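This report describes how parts of one protein chain pack and pair. The sequence and the structure come first, and the description follows.

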Amino acid sequence: MATAIQRRPLSIGEGGLIAAMTVAALVCLIVVAKAEDQAMAFHAALATLASGAAAFLLIKRYTERGEAIPQEINGKPNYQLGPVKLATFFAVFWGLAGFLVGLVIALQLAFPVLNFDLPWTTFGRLRPLHTSAVIFAFGGNVLLATSFYVVQRTSRTRIAGELGSWFVVWGYNFFILIAGTGYLLGVTQSKEYAEPEWYADLWLTIVWVVYLLVFLATLWKRKEPHIYVANWFYLAFIVTIAMLHLVNNATIPVSVFGTKSYIVWSGMQDAMTQWWYGHNAVGFFLTAGFLAIMYYFVPKRADRPVYSYRLSIVHFWSLIFLYIWAGPHHLHYTATPQWAQTLGMTFSIMLWMPSWGGMINGLMTLSGAWDKLRTDPVLRMLVVSVAFYGMSTFEGPLMSIRAVNSLSHYTDWTIGHVHSGALGWVGFVSFGALYCLVPWLWNRKGLYSLKLVNWHFWTATIGIVLYISAMWVSGILQGLMWRSYTALGFLEYSFIETVEAMHPFYLIRALGGALFLIGAVIMAYNLWMTARHGEEAEAEPVGAGARLQPAE
């Protein structure tokens, strides 16, 4: 007689999540029926389907599972890699989508006819779709994937909870779906880097709190007495983004059945809050989080210890203290009090020190391994990203100085600066991390083709150089034309003349963006072939357990 399989009982967390998803589906169904605008009806319908599907899959998971998942196998941690794989997939998918939309809007600036006179395809709606897709969708999923991987490896323990990390990855990407479709439908708060409306922000708050709890709980149950520095940067990123999100997105909905809401701040307070948020979204989402990636993946790929662990700690505390005060430099020559502008400028200049301290720490980690740059294009990509980090964190404080800002602000120089950091620093360090992660996650001996990585590196690098060079020249030209006066004291150039002068630079920028997109397509193909057809590793992949100790 066959022995029945002993099924694990339904846990409180599982039962609570099934109940929550069921209730959410019913509530969203009511919202669909009473929605006051089409966008709310559409998003509520999406939420109904997603909540119902989640409840169904959780029940199915319970009915089909067997015994409890062990925390260790043969004395080694049984790492949970499923959510990491999912976030890796979403990172590549959203990256391609975001880069493509970026190319479209670059071409729209050069050829306005490409707006097609349709509300969903205008520059005004596609531009926030592009920024959110590359920053929060692509960059955010890279951060989710790497943080869940790194915290397990450096803590030598399975991630806390069975469902928390899955909820975070799926929940975060559902937020991306709601935000992105909302932009196309005209749903926006019109706040830079904070465009999603109140209901999307509320959902993100829930997801982010779970993210924080899962990360903290994993650190709490760690088997290593020491918390590796990458985890400090991840933790700073998670906590600070939560604080920024809650304060900047404090809104009052007009109706719970409508998309529109109004921010509780007004006037100068709103501007100050927005750029306290906006600059620190760059500082903690695009800097602190990706510095955590640098501190883990550069030593791993180089198979060298971190150059100076002491410097990394100084880098961490000085960066998070100084960055939070630098936001008012976005508001030079506005109604912002002079003392606040000066404070933002001062702290921005002081940021040179910790930023370059981190750059030096990353580059010097290659001491004794510089020869690997000739043969390993993945390591070359990671190192070049650190160089771009140093360049953009030199340029940023320079542009915060009032005299320089009077020329650069509102011009394409700012666009060039942002993309030197976004493409060169965030993009390259993300690509390098993905190239490392995929063979480790799918247990492959190595990447499908290092030659394709080399093609990706050079294609994307040429694209970045074309892009930022065009925007630097274009921006300085714009600023000089705007401040040029005739002998009689009138403006020498009309606004339309400055726009005409930008046209060749917009073409060059579009070409640079196209090359960057082509490089990303090459990467996606290489990663797909690695996961599907790569040679399986016999044991743990080389580099997955490389040294973390400082050299000093």
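## Helices α6 and α7

Helices α6 and α7 are roughly antiparallel to each other, a term for angles over 145 degrees; angles under 35 degrees count as roughly parallel, 65 to 115 as roughly perpendicular and the rest as oblique. The angle between α6 and α7 is about 155°, and their axes lie 10 Å apart. Axes here are lines fitted to C-alpha atoms, for helices over the stretch in contact, and angles run from 0 to 180 degrees between N-to-C directions. Helices (H or I, at least four residues) are DSSP runs numbered from the N terminus.

The crossing in which α6 passes α7 is left-handed, meaning that the near helix is turned anticlockwise from the far one by less than a right angle. On the α6 side the contact includes Asp201, Trp208, Phe215 and Leu219, and on the α7 side it includes Asn231, Tyr234, Ile238 and His245. Contact means heavy atoms within 4.5 Å. By class, the contact of α6 with α7 has 15 nonpolar, three polar and one charged residues. Ala, Val, Leu, Ile, Met, Phe, Trp, Tyr, Cys and Pro count as nonpolar, Asp, Glu, Lys and Arg as charged, and the others, Gly among them, as polar.

## Basis of the model

This is a predicted model, in which local features need pLDDT of at least 70 and side-chain atom pairs count only at pLDDT 80 or more, while totals for chains, interfaces and linings use all residues. Residues are numbered from 1 along each chain as its sequence is written, and side-chain values use heavy atoms, with hydrogens and water left out.

## Helix α8 and its partners

Helix α8 spans residues 267-302 and packs against helix α14, residues 412-441, at an angle of about 45°, with the axes 10 Å apart. That angle makes α8 oblique to α14. The contact draws on Leu286, Phe290, Ile293, Tyr296 and Phe297 of α8, among others, and on residues of α14 including Trp425, Val429, Ala433 and Trp440. In this contact of α8 with α14 there are 14 nonpolar, two polar and two charged residues. Here α8 passes α14 in a left-handed crossing.

Helix α4 also packs with α8, at an angle of about 40° and with their axes 10 Å apart. The two helices α4 and α8 are therefore oblique to each other, and their crossing is left-handed. From α4 the contact includes Phe136, Gly139, Gly140, Leu143 and Arg153, while α8 supplies residues including Tyr277, Leu286, Phe290, Ile293 and Phe297. The residues of the contact of α4 with α8 divide into 13 nonpolar, five polar and one charged.

## Salt bridges between parts of the chain

The structure holds eight salt bridges, each a side-chain nitrogen of Lys or Arg within 4 Å of a carboxyl oxygen of Asp or Glu. One of them joins Arg127 and Glu192, at 2.8 Å from N to O. Arg127 lies in helix α4 and Glu192 in the loop between α5 and α6, so the pair ties together parts that are 65 residues apart in sequence. Arg127 is partly exposed, at 27% relative accessibility; buried means under 20% relative accessible area, exposed over 50%, and partly exposed in between, with a 1.4 Å probe and protein chains only.

Lys191 forms a salt bridge with Asp270, the closest N and O atoms being 2.9 Å apart. Lys191 is in the loop between α5 and α6 and Asp270 in helix α8, so that pair links parts of the chain 79 residues apart. Both Lys191 and Asp270 are buried.

Arg156 has a salt bridge with Glu224, at 3.0 Å from N to O. Glu224 lies in the loop between α6 and α7 and Arg156 in the loop between α4 and α5, so the pair ties together parts 68 residues apart in sequence. Glu224 is partly exposed at 28% relative accessibility, and Arg156 is partly exposed at 38%. Phi of Arg156 is near 55°, a positive value in a residue other than glycine.

Tyr193 also has a positive phi, near 65°, and is a residue other than glycine. Tyr193 sits in the loop between α5 and α6 and is buried, with a relative accessible area of 15%.

## Asn454 in helix α15

Asn454 lies in helix α15, residues 450-482, and is partly exposed, with a relative accessible area of 28%. Leaving aside neighbours within four places in sequence, Asn454 is in contact with Pro377 and Arg380. The C-alpha atoms of Asn454 and Ile522, 68 residues apart along the chain, are separated by 10.0 Å.
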